[in-house]
Amino acid sequence: MKGIYIHIPFCVRKCKYCDFVSYPDKTALADEYVSALKKEAKMYRGEKADTIFIGGGTPSLLTPKQIETVCRMCFDTFDIPDDYEFTMEINPGTVDDDKINAMLSGGVNRVSVGVQSFCDEELRRIGRIHDAKTAYNTIWQLKENGFSNINIDIMTALPSQNITALSDTLNTAVKLPITHISAYSLIMEEGTALYDEYSNGAVTLPNDDDERDMYAFTKDFLNKNGFARYEISNFARDGFECRHNIKYWTFEEYVGLGAAAHSYMDGKRFYNTSILEEYIMGAEKTVTLLTRDDEISEYIITGLRMDRGIDAARFAARFNERIEDIYGDKLKKFISLGLIKSCGGFYSLTDRGIDVSNSVLCEFV
Ligand code: SF4
């Protein structure tokens, strides 16, 4: 079954590190945008899908009525089984009880809250719209209104962050009623406000060793507190792994709706314009055909991000060729270096391999 991703590109203002497709001050276009989503969704009528993810941007900026419309569009368009997973992203301080009720009655059963840190100073440095208390209250508000499957996003390697500050954030996080934590390192993207501040020397970042230490600390701390790592940057309580994201990492098909959204179906990748107004006007999609080599290397790169790794039998069934016949030399080399391990028919990164994952994964491109 496919996954459905719906992009909602509205934000209150741009966070300093953000290079996602998101527009501050354009929520006035949200009604037209939702109509364009409905129009686009018609192309996929009857497709079977068991995961939905509304991401952004800040989907929680939609009004209760717009949320209801988008949810109804999903169930009216796609063939969705009873055991679906339906996630919606939320930014702290942007939901009220009416919006939460619209989400619940619309069928949303998982929420993902962009917390990033429980340290006010860190949040200020990266330009978030909320403080730690607001994030804390939003999570409890979601829980008290009926959500039992809650992810929070945390960022590591933030400007001036150290292990003590990270430890405070994680300590607060694990005491909350949440089931999943995504913990990504800050990536400095050219063209962002934070990149300029960093280039001018106005902010300092943890060095590579500090960043590695923060990663190791995060993994150990979360494991000890009941959140097992199942992907390089994702940790879950037992049974609460994100089914939608696992589709990306296991190279399954997905449909992307909305500005800048990508789809992958029938060996083709297609994506929509990033320009909001062009999307609303119904701009054509751009299509790229993936070669077999492209598919194989993406399959390896995404599969190795997962703790369970790549299932050699599944690989052979999909590509009609054994992984060892294509990448035998590379696998042998990384196994002898202790960066990849082979266990029970699966190939996966070791902890040392994760530390240098970028260099390992590059070799499979
Ligand atoms: S809330 Fe998310 S999408 Fe919006 S500006 Fe901040 S990081 Fe970007």
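Which helices and strands do the buried residues of helix 13 pack against? Hi everyone, let's keep that question in mind while we look at this model, which is a predicted one.

Let me start with helix 13 itself, residues 323–336. Its buried residues are Ile-323, Tyr-327, Gly-328, Leu-331 and Phe-334. And here is the reply to my opening question: they pack against helix 11, helix 12 and helix 15 (357–362), and also against strand 15 (310–311), strand 16 (340–343) and strand 17 (346–349). If you follow helix 13 along, you'll find a bend of about 55° at Asp-329. Just after the helix comes Gly-338, with a positive phi of about 75°.

Now, on to the aromatic rings. A pair of rings is described by how far apart the centres are and by the angle of the planes. In this model the count of aromatic pairs comes to 16. One of them is Phe-251 with Tyr-264, a tilted pair with 4.8 Å from centre to centre and 40° between the planes. Phe-251 sits in the loop between helix 9 (243–249) and strand 11 (254–257), while Tyr-264 belongs to strand 12 (residues 262–265), so this pair links distant parts of the chain, 13 residues apart.

Tyr-299 is in helix 11 (residues 292–305) and Phe-315 is in helix 12 (residues 312–319), so the pair ties together parts that are 16 residues apart in sequence. Both Tyr-299 and Phe-315 are buried. And these two pairs meet in one aromatic cluster, formed by Tyr-248, Phe-251, Tyr-254, Tyr-264, Tyr-299, Phe-315 and Phe-319.

Keep Tyr-254 in mind, as we move to strand 1. Tyr-254, in strand 11, is the bridge partner of Gly-3. Strand 1 pairs with strand 11 in the parallel sense over four bridges. With strand 4 (residues 49–56), strand 1 also pairs in the parallel sense, over seven bridges. There, Tyr-5 stands opposite Phe-53.

What about the side chains? In a regular strand they alternate between the two faces of the sheet. In strand 1, Lys-2, Ile-4, Ile-6 and Ile-8 point one way, and Gly-3, Tyr-5 and His-7 point the other way. Seven of the seven residues of strand 1 are buried.

Methods:
Residues numbered from 1 in each chain as written. Predicted model: local features only at pLDDT ≥ 70, side-chain atom pairs only at ≥ 80, totals over all residues. Heavy atoms only, no water. Phe/Tyr/Trp six-rings, centres within 6.5 Å; stacked < 30°, edge-to-face > 60°. Helix = DSSP H or I, 4+ residues; strand = E, 2+ residues; numbered from the N terminus. Buried < 20%, exposed > 50% of the residue type's maximum accessible area, 1.4 Å probe, protein only. Pairing = 2+ DSSP bridges. Bend = angle between axes of the 7 residues up to and from the residue. Contact = heavy atoms within 4.5 Å.
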